Amino acid sequence: MSSYEAVIGLEVHAQLSTESKMFCACSTSAGSPPNTNICPVCTGQPGTLPVVNRRAIEMAIKAGLALGCKIERRSIFARKNYFYPDLPKGYQISQYEFPLCLGGGVTISTEGGKKTISLIRIHLEEDAGKLLHDYGHPDMSHVDFNRCGVPLIEIVSGPDMRSPKEAGDYLRTLRNVLVYLDVCEGNLQEGNFRCDANVSIRPVGRKEFGTRTEMKNLNSFKAVERSIAYEIERQTKVLESGGTVSQETRLWNDVAGRTESMRSKEEAHDYRYFPDPDLLPLIVEEDWIARTRSGLPELAGAKAERFVSNYEIPRADALVLTDDRALADYFEAVIASGAPARKAANWITAELMREIKDDERGIAACPIAPANLAGLIKLIEEGKISGKIGKDVFEMMFKTGRAAAEIVAELGVEQISDSSAIESAVDKIIAENPKQVEQYRGGKTAVLAYFVGQVMKATKGQANPQMLNDILKKKLET
Amino acid sequence: MTAAQLSSMLREREISSLELTKAYLDEIQRRDKKLNCYVLQCPELALEQASRADERLAKKDSLTPFTGLPIALKDIFITQGVETTCASKILKGYIPPYDGNAASRLKAAGAVLLGKLNMDEFAMGSSNEFSSFGPVKNPWNQECTPGGSSGGSAAAVAAGLAPIALGTDTGGSIRQPAAFCGTVGLKPTYGRVSRYGVIAFASSLDQVGPIAQDVRDCAMMLGAIAGHDPMDSTSIETPVPDYVAALKGDVKGKTIGVPAEYFVSGIDTEVESAVRAAAKTLEGLGARVVEISLPHTKYALACYYIIAPAEASANLARYDGIRFGHRASGNHDLADLFKASRTEGFGAEVALRIVVGTYVLSSGYYDAYYLKAQKVRTLIKNDFLEAFKSCDAILAPVTPTPPFKLGEKTDDPIQMYLNDIFTIPVNLAGLPGMSLPCGVTGSGLPIGMQLIGKPLDEAGLMNIAYAYEQATAWHKNIPVF
């Protein structure tokens with residue numbers, strides 16, 4: 001048992017889902033050919049000036065309000081100076097001394113109950129471009145400025161987390177809130193939700209913090225948790241062998257599963273922050289804050305409560321469904337397509353979640369349209385197919401994305417609910433098995449299962465089980 | 001002839017834009033070799049714009065005072081498709097992909113661009129000697145500097161190589177060369193004219209303004225370029241008055257403040273007596289002249305030489321050899337590529353200011369320099385606001401001395417910087433200031449006086465200047481070279 005305690009703080013960069021960039025009118029859409037979403041402003045042409053995107057401010061206010069921050073009436077954009085080819089102005093416009101949001105917190109569930117991770121600040125800034133090293137020339141690099149100037153918020157937590165799991169839970173909860181607010185797509189792989197982790201350790205019971213290291217290149221929730229676990233272990237070994245942890249930035253190597261030194265404290269930049277004279281102080285009027293507050297969408301907790309009371313689904317299901325806004329929306333879309341709420345909840349939390357549980361895209365990875373899932377549930381409800389066949393159909397739907405009825409028709413697995421068809425099949429089996437009929441009529445009723453099996457075999461399992469039971473009993477008993 | 005006179009001749013069809021443009025192009029060809037005002041002439045573009053203007057004039061199609069009028073721009077103004085270098089080697093060959101606000105307004109008004117004018121590199125200088133194109137010579141005496149940084153603009157207007165020009169003023173770069181060349185220059189209130197498309201030197205101080213033959217031309221140009229621009233967050237939304245119509249020439253009842261701190265020892269006696277005489281002239285026109293105090297004046301220079309280089313150090317970071325301008329040849333790793341491109345591309349004065357600016361923003365020094373300077377700046381601004389409680393405008397010298405000799409101060413930055421001691425406070429306070437001719441030295445060089453106005457009171461300021469101009473003939477002097 002280690003006698004050290006970990007102290008973890010996270011810095012999250014979330015890309016705001018605006019149409020246009022932070023300081024110019026260029027599109028933020030990802031996946032365009034390199035350098036097609038650019039203009040004189042975001043490529044830092046001489047003489048150009050930034051103009052603040054109001055929509056980005058509003059999204060940042062939304063995030064701040066939902067996370068319990070104090071929205072500063074006056075905040076200031078500052079220049080963060082450093083040279084890099086993906087930074088066309090030679091400085092990044094960010095906020096430094098006077099950020100837009102202060103304080104706030106994120107509540108997570110731990111073994112010891114609820115725990116609130118404090119937030120220090122949320123500030124606005126612009127993203128940089130991207131270097132392309134493999135772009136058709138062996139000894140030349142290229143720069144794509146499409147991402148340059150895309151609005152980001154940086155969310156800085158307090159050093160309040162004590163384990164990799166708490167860090168992961170904080171991150172998942174934070175992501176959930178931002179996605180619910182529609183201010184960020186929250187995709188770690190695509191880089192629109194990025195995280196750096198600050199980790200230090202200290203002997204249990206000590207108040208002072210140890211020397212921290214900062215981890216970069218964390219491209220998944222797993223990477224965040226794994227890298228922190230690795231770093232805690234590494235620092236523990238260093239201290240236990242009598243060494244000292246050096247303050248540095250380390251890079252997570254996901255393949256090797258370890259962190260590697262990137263730059264020491266001495267090599268750290270002096271960013272020479274100062275207020276950007278091209279931008280006036282950002283003044284946020286009280287009524288703008290009030291309007292934004294009243295426009296906040298329903299967040300996960302409230303949504304779960306509503307699901308329990310309106311749809312009468314178990315609380316556990318409601319919590320699972322609301323963990324991800326897209327999943328909750330999917331659930332409600334299935335209901336809107338006519339499925340009973342409890343059935344819909346069952347299918348989603350059991351069958352559907354099993355299929356997508358290893359996919360970080362979540363419900364976006366599900367090819368079944370909500371209306372199609374509702375269609376499947378309806379076929380079962382109406383007795384057109386059995387529940388058992390329903391599960392097979394579901395799997396095929398997940399593989400192909402096709403509608404349930406289509407698959408059912410193609411496979412010919414529609415349940416036989418036509419009583420005359422079942423009757424003739426039953427008559428045939430009774431005629432072929434006089435010995436078993438004798439046994440049944442002699443009181444050995446367990447033999448009924450044999451008849452059911454035979455009829456099912458003859459009908460390829462499509463006979464409506466309830467009807468079959470009734471018809472069999474009737475025929476055998478008369 | 002003044003721009004206003006030419007404008008009315010164009011409108012009356014007494015001369016075509018093509019004829020006028022050709023005349024100026026010929027004049028530049030013939031005489032600019034002596035002065036070096038133009039760093040780039042664009043005769044083909046000018047003639048094309050002139051013939052289009054002539055069509056517009058013939059049809060009387062949305063005419064403005066600038067339709068068909070030749071103009072020239074300091075090379076700090078971004079002009080689409082026309083090389084813009086800011087007189088720096090680092091921007092050699094840079095063809096901007098867009099028009100700045102000033103260029104596009106003038107283009108839309110139908111002005112004809114004769115070319116781009118010489119300046120100190122990145123507007124850093126007071127003598128136009130720090131230019132990658134070589135110095136400009138003063139048309140009044142070719143051994144003297146025309147002032148700077150808008151030296152090319154002032155010299156071209158004085159020498160008749162452009163009817164009117166635009167300059168920029170960060171610490172005196174319009175007013176000081178205007179004074180040295182015997183022209184009228186106006187630095188408007190910070191934010192009155194958009195900075196979009198003006199290559200940034202010190203963003204919180206830079207302002208665009210006219211350099212012209214007289215006050216009326218100044219008013220005409222300001223009317224064309226002033227106004228809110230959504231592309232510049234610091235531009236002011238207040239409506240633009242009709243500046244020409246505001247020139248009544250009446251100063252009765254106006255109070256003119258004369259700051260004691262601007263007549264310190266070391267000021268040239270000819271300059272002092274010319275400015276004092278101007279005060280008398282204004283008094284004679286019915287204005288009341290009172291002595292005022294601007295107590296923090298002595299800190300202005302130090303304050304400016306922290307703030308301006310600090311902002312410049314960031315503004316000039318974009319010249320890194322990656323996307324445009326000069327890139328060092330040979331193989332370099334990234335840091336060396338930046339370093340070599342910038343070392344080769346920037347001149348010594350620009351490099352000096354970048355180093356100073358980087359230093360004052362550095363961790364551990366920020367509070368002692370940059371923050372302190374911002375506080376001093378507020379005190380200087382308050383000095384003016386306080387003074388304006390008892391006067392309508394302030395009269396002062398533009399520079400402590402008349403035009404100095406080329407090479408006289410290039411080795412001594414402090415002596416060079418002291419030249420802007422009376423113009424810098426106006427930039428720090430964001431106020432409108434103008435320079436107009438008020439005398440001639442014994443050796444025949446022009447002397448300028450400075451008028452400083454309340455925020456956004458360009459109309460009132462120009463009216464006082466106009467009254468003085470009507471009463472005197474200094475602006476009618478023309479250099480022979």
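Biologist: Before we start, what should I know about the numbering and the cut-offs?

Modeller: Residues are numbered from 1 along each chain as its sequence is written, while chains are lettered from A and ligands numbered from 1 in the order in which they are written. The model is predicted, and local features need pLDDT of at least 70, side-chain atom pairs count only at pLDDT 80 or more, and totals for chains, interfaces and linings use all residues.

Biologist: Which domains does the assignment give for chain A?

Modeller: Domain bounds come from an automatic or database domain assignment. Here that gives domain 1 (9-161 + 174-197 + 266-290), domain 2 (298-411) and domain 3 (419-477). The C-alpha centres of domains 1 and 2 of chain A lie 35 Å apart.

Biologist: How many residues of domain 1 of chain A are in contact with domain 2 of chain A?

Modeller: Two residues are in contact if their C-beta atoms, placed from the backbone, lie within 7 Å. By that rule, 6 residues of domain 1 of chain A are in contact with 6 of domain 2 of chain A. On the domain 1 side, helix α2 (residues 164-180) of chain A brings the largest share, 4 residues. Helices (H or I, at least four residues) and strands (E, at least two) are DSSP runs, numbered from the N terminus. By class, that side has 4 nonpolar, 2 polar and no charged residues. Ala, Val, Leu, Ile, Met, Phe, Trp, Tyr, Cys and Pro count as nonpolar, Asp, Glu, Lys and Arg as charged, and the others, Gly among them, as polar.

Biologist: Is A:Ser227 buried or exposed?

Modeller: A residue is buried if 20 or more other C-beta atoms lie within 10 Å of its own, exposed if 12 or fewer, and partly exposed in between, with C-beta atoms placed from the backbone. A:Ser227 counts as buried because it has 27 C-beta neighbours inside 10 Å. Its place is in helix α3 (residues 221-240) of chain A. Leaving aside neighbours within four places in sequence, its contacts include A:Met215, A:Leu218 and A:Trp252. A:Ser227 and A:Trp252 are 25 residues apart in sequence, yet 6.3 Å apart in space, C-alpha to C-alpha.

Biologist: How do I read strand β4 of chain A?

Modeller: In a regular strand the side chains alternate between the two faces of the sheet. In β4(A), A:Phe77, A:Arg79 and A:Asn81 point one way, A:Ala78 and A:Lys80 the other way, and all are buried. With 5 of the 5 residues of β4 (residues 77-81) buried, the strand is largely enclosed by the rest of the structure.

Biologist: Which strands pair with β4(A)?

Modeller: Two strands pair if DSSP finds at least two bridges between them. Strand β5 (residues 91-95) of chain A pairs with β4(A) in the antiparallel sense over 5 bridges, with A:Tyr91 as the bridge partner of A:Asn81. Strand β16 (residues 274-275) of chain A is also antiparallel to β4(A), over 2 bridges, and there A:Pro275 stands opposite A:Ala78.

Biologist: And the nonpolar core: which residues touch the most other members?

Modeller: In soluble globular proteins, nonpolar side chains tend to be buried together. A nonpolar core is a set of buried Ala, Val, Leu, Ile, Met, Phe, Trp, Tyr and Cys residues joined through C-beta atoms within 7 Å. The largest has 249 residues, and A:Ala60, B:Ile71 and B:Ala165 touch the most other members. Helix α9 (residues 300-315) of chain B gives the most to this core, 10 residues.
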